[in-house]
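Please look through the sequence and the 3D model below before reading on. The paragraphs after it go through one chain, then the other, and then what joins them.

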Amino acid sequence: MQVSFKNICIAVSIFFTLILFIAISSLFVVPKPHDVIMALRTPEMVYSLKLSVLTALMATTCAISMAIPIGYALSKGSFRGKGIVKSIVDLPMAFPELVLGLALLLLFGNTAIGKIIEAMGIRIVFTKAGVVVAQFFTGLPYAVRILCSTFNSINPRYELVSRSLGYGEFETFKNVTLPLAKNGIFAATIITFARCIGAFGAVLILAGGSYMKTEILPITLYLNISYGNIGMAISSGIVLILISFLAIATFEWLERGNVY
Amino acid sequence: MFIKIVHLSIDLKDFQLRNVNLDIEKGDYVVIIGPTGSGKSVILETIAGFYTPEAGKIILEGQDITHFPPEKRNMSIVYQDYMLFPHMTVYENIAYGLKKTSDKDHIEKEVKTIASLLKIEHLLHRLPGTLSGGECQRTAIARALVVKPRLLLMDEPFSALDIKTKKELRQLVKTALKEYQTTTIHITHDLDDVWHLATKVVMIRKGRVLQIGPPEHIFTNPTDDFVANFVGANRS
């Protein structure tokens with residue numbers, strides 16, 4: 001067989017996929033299925049799963065609602081400082097989540113913004129609201145990036161035709177751009193949800209890792225590893241993997257079905 | 001004068017349109033010709049309101065519309081690549097521009113009339129993704145004409161079509177424009193479009209207008225060698 005560059009690339013990709021697959025599979029192989037099921041039924045796991053899904057849904061909804069105008073502005077808008085806005089929005093993807101958590105803790109704890117929000121009766125630091133806020137800022141850059149490239153891929157002439165037929169900017173966005181971006185919005189929602197439900201560092205710093213208070217699945221994993229309760233830790237890991245797998249599979253399916 | 005373009009200049013960083021002057025009478029079929037990158041589409045999209053000119057004016061029926069947004073100009077645009085909304089049926093695409101101003105019965109009547117004129121009434125329930133190039137372009141023209149625009153702008157509408165479809169569509173467009181009495185600006189590099197449709201020709205190169213006149217005049221009296229070479233005429 002001829003050793004071509006393409007074959008070498010295929011071999012490298014298969015090798016590392018295999019290692020990753022073995023690492024993930026070991027989570028499913030090490031514990032006994034009975035122990036996993038028992039762990040999933042404990043009050044701690046039920047609480048953690050419910051809180052994770054609820055906060056991730058709220059954070060995803062907020063992130064997508066904000067990412068649509070931000071992504072549209074970065075894609076179609078032309079304004080001074082656009083490059084800086086893009087870099088700052090992307091920044092949380094590049095630095096550790098713990099740093100993001102620390103920055104949010106300082107913002108909501110020590111600054112005027114934090115004090116104004118607290119004066120309005122909303123407490124962010126070490127509360128469930130803090131979980132949502134931390135997840136929101138963790139997921140937002142991913143949502144913005146996906147939506148920005150979605151809007152980039154839509155031919156601007158669709159909007160020009162709609163405008164020429166009597167529709168203003170917002171009506172055109174609602175009638176033409178949003179329906180054309182449908183698949184991208186779904187994809188962004190799924191990836192953002194997966195990112196939110198898996199957020200750990202930022203949640204730990206901003207909302208704290210309090211047992212059955214601000215305990216979401218990654219915190220459950222962390223707390224149980226700390227106590228030496230490996231079964232519970234692995235069970236929460238399995239739940240997180242299953243959620244991520246479902247998200248990625250749906251994302252791939254939507255990408256293949258992109259008809260526009 | 002129906003439409004008057006006075007000293008129009010636009011700067012798009014990598015392209016400049018300089019001092020374009022053009023007078024169009026009601027009912028004219030103006031064809032703008034020129035090589036690729038000469039600024040034909042920029043002129044069209046500036047008239048449509050998609051670019052703001054640095055200098056100059058666009059006067060439509062005595063009204064200065066230079067700074068009007070596209071939705072306030074009552075001009076329709078047809079592109080080479082159709083730009084049919086893929087999530088709407090042919091019927092919904094054609095009805096789109098009427099939905100803002102008309103009731104359901106009026107929309108249905110108008111859509112059926114134009115669909116019959118352009119021979120696409122059997123396609124009304126279909127999605128654009130299932131149509132041929134000629135069917136897509138007929139739908140795009142129907143969508144543009146059904147709103148009875150003051151000015152129809154067409155950017156190389158027949159370029160993506162085969163010779164037979166092109167010929168049929170030219171005839172259909174001619175009939176439809178006569179019926180709707182629409183003034184038209186059409187961009188092309190196909191001289192057949194000039195011969196079959198134009199009442200006035202504008203020759204443009206590198207953002208500058210080189211010659212304006214009736215087709216016979218451009219072909220028989222080109223002002224310079226470039227125009228002569230482009231239209232394949234001999235310069236006397």
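How many helices and how many strands are there in chain A? Chain A has 13 helices and zero strands, where helices (H or I, at least four residues) and strands (E, at least two) are DSSP runs numbered from the N terminus. This is a predicted model, in which local features need pLDDT of at least 70 and side-chain atom pairs count only at pLDDT 80 or more, while totals for chains, interfaces and linings use all residues. Residues are numbered from 1 along each chain as its sequence is written, and chains are lettered from A and ligands numbered from 1 in the order in which they are written.

Along the principal axes, the C-alpha atoms of chain A fill a box of roughly 70 × 65 × 30 Å. Of the 260 residues in chain A, 39% are buried. A residue is called buried if 20 or more other C-beta atoms lie within 10 Å of its own, exposed if 12 or fewer, and partly exposed in between, with C-beta atoms placed from the backbone. Two residues are in contact if their C-beta atoms, placed in that way, lie within 7 Å. Among contacts in chain A between residues at least 6 apart in sequence, 76% join residues at least 24 apart.

The largest nonpolar core has 134 residues. Such a core is a set of buried Ala, Val, Leu, Ile, Met, Phe, Trp, Tyr and Cys residues joined through C-beta atoms within 7 Å. Helix H7 (residues 128-152) of chain A gives the most to this core, with 14 residues. The residues with the most contacts inside the core include A:Ala67, A:Ala143 and B:Leu153. Leaving aside neighbours within four places in sequence, A:Ala143 is in contact with A:Ala63, A:Ile64, A:Ala67, A:Ala188 and A:Thr192.

Strands of a sheet pair through backbone hydrogen bonds, either parallel or antiparallel. An open sheet of six strands in chain B has the order S6-S7-S8-S3-S9-S10, with mixed pairing. Its edge strands are S6 and S10 (208-213) of chain B, each pairing on one side only. From one strand to the next, the twist averages 15°. Strand S3 (residues 29-33) and strand S9 (residues 200-205) of chain B pair in the parallel sense over four bridges, and B:Val30 stands opposite B:Lys200 in S9(B). Helix H4 of chain B lies across S6 and S7 of chain B, running at about 170° to S6(B). Axes here are lines fitted to C-alpha atoms, for helices over the stretch in contact, and angles run from 0 to 180 degrees between N-to-C directions.

Strand S1 (residues 3-11) and strand S4 (residues 55-60) of chain B pair in the antiparallel sense over five bridges. B:Ala55 in S4(B) is the bridge partner of B:Ser9. S4(B) also runs antiparallel to S5(B), and two bridges join them; B:Ile59 has B:Asp64 in S5(B) as its bridge partner. The hairpin of S4(B) and S5(B) has two residues between the strands, and B:Glu61 in this hairpin takes a positive phi near 45°.

Positive phi values also occur in the loops of chain B. B:Asn74, in the loop between strand S5 (63-64) and strand S6 (75-79) of chain B, has phi near 55°. B:Asn74 counts as partly exposed because 18 other C-beta atoms lie within 10 Å. B:Lys148, in the loop between helix H4 (133-145) and strand S7 (151-155) of chain B, has phi near 50°.

Is B:Val111 buried or exposed? B:Val111, found in helix H3 (residues 104-117) of chain B, is buried because it has 23 other C-beta atoms within 10 Å. Leaving aside neighbours within four places in sequence, B:Val111 is in contact with B:Tyr91, B:Ile94, B:Ala95 and B:Val146.

Finally, the two chains meet. The contact takes 16 residues from chain A and 17 residues from chain B. On the side of chain A that touches chain B, H8(A) gives the most, with six residues. By class, that side has 10 nonpolar, four polar and two charged residues. Ala, Val, Leu, Ile, Met, Phe, Trp, Tyr, Cys and Pro count as nonpolar, Asp, Glu, Lys and Arg as charged, and the others, Gly among them, as polar.

Key
Two strands pair if DSSP finds at least two bridges between them.
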